[in-house]
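Please read them beside the coordinates.

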Amino acid sequence: MSKSSSTLSHIARDAEVSPSTVSKVLNGRAGVAPQTRERVERALRSHGYSPPGERHLQPFVELVFERVESAFAIEIIRGVQRAAASRSMSVVLSETGTRHRPGPEWIDQVVQRRPSGVVLVFSDLPAESKARLALRGIPFVVLDPAGDPAPDVPSVGSANWSGGVLAARHLLELGHTRIAVIGGPQDMMCSRARVAGFRAAFEDAALPFDESLLVWGDFLRGDGVQLGRDLLMRDDRPTAIFAGNDLMALGVLEAARTLGLSVPGDVSVVGYDDLQIARWSGPPLTTVRQPLAEMGEQAALLALDAADAARPLRAARVDLATSLVVRESTGAPRVS
């Protein structure tokens with residue numbers, strides 16, 4: 001009897017199941033009750049089980065989103081595809097869960113598929129899912145737009161605080177001082193970091209930041225339309241608006257248009273992300289470039305390098321730089 005068979009027999013005995021049930025759990029196959037599956041997973045971890053010899057990972061990268069159909073996702077897909085192609089691999093897309101973590105059904109499916117690496121566009125991964133991937137030698141990296149992964153999770157992000165500073169400094173240098181901010185969801189660290197960076201630039205310039213001009217949205221174009229309209233209808237209308245992403249900034253452009261205001265004549269607008277649609281808006285949008293394609297490529301390469309080395313990926317945070325892209329939606333404030 002081989003060492004691995006003996007180990008599986010010991011695990012089966014401890015979990016009070018048959019060796020075939022242990023094999024089903026290891027390979028993510030159906031036909032095992034949830035309570036039994038969890039008992040086997042605990043036994044595998046307590047025995048420190050590792051698969052013998054080759055792990056038989058399949059030649060593809062699994063890229064996991066909450067929602068695939070967005071310009072944001074397309075940029076990330078482009079980067080992951082670039083990394084996969086450099087290793088003669090393909091990419092499989094999965095859609096599951098909430099903005100913070102994948103759905104519970106996903107882990108059973110990915111264990112069965114056995115990709116060479118997993119890139120998750122989420123803030124975190126449940127501890128049980130981390131353990132199941134590690135047990136099977138499947139490396140994963142969180143591509144984290146929210147900015148708050150757990151310390152034991154390898155992740156790739158961008159410099160959100162610095163991006164907020166860049167947006168504020170640009171508008172201040174143009175001469176704006178009455179600037180509104182439409183932040184993203186308050187439960188996402190990236191949203192708070194961008195606003196914090198924006199505030200810091202005001203402090204650095206020894207200027208007060210008007211908290212009444214700070215509102216929070218949900219990274220949706222509709223929020224930009226409604227919140228932008230509310231801000232632009234104020235008697236003390238801001239001369240510039242910084243939106244926490246490009247979609248909300250495009251909504252602000254629409255709000256200005258419907259109110260008969262010109263951009264940048266009556267109000268300057270700055271977005272965040274530098275999606276392709278930012279170049280096609282009217283006028284083309286000034287924005288903070290978050291290098292989404294590069295983030296996707298970096299995350300995929302980290303996972304694939306770990307797979308090639310047949311060792312766990314070291315938990316580390318990689319933050320790529322943001323930069324300002326100046327187009328036609330910003331200008332000096334109109335002198336009244």
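1. Is E128 buried, partly exposed or exposed? E128 counts as partly exposed because its relative accessibility is 29%, where buried means under 20% relative accessible area, exposed over 50%, and partly exposed in between (1.4 Å probe, protein chains only). R132, by contrast, counts as buried at 2%.

2. This is a predicted model, in which local features need pLDDT of at least 70 and side-chain atom pairs count only at pLDDT 80 or more, while totals for chains, interfaces and linings use all residues. Residues are numbered from 1 along each chain as its sequence is written, and side-chain values use heavy atoms, with hydrogens and water left out.

3. The side chains of E128 and R132 form a salt bridge at 3.4 Å, N to O, the term denoting a side-chain nitrogen of Lys or Arg within 4 Å of a carboxyl oxygen of Asp or Glu. Both residues belong to helix α6 (residues 127-135) and are 4 residues apart, about one turn of the helix; helices (H or I, at least four residues) and strands (E, at least two) are DSSP runs, numbered from the N terminus.

4. A salt bridge also joins R334 and D266, at 2.7 Å from N to O. This pair links distant parts of the chain, 68 residues apart, with R334 in the segment after β12 (323-325) and D266 in the loop between α10 (246-258) and β9 (268-273). R334 counts as exposed at 56% relative accessibility, whereas D266 counts as buried at 19%.

5. The count of salt bridges comes to 18, and R178, D210, R234 and D236 are linked in a network of them.
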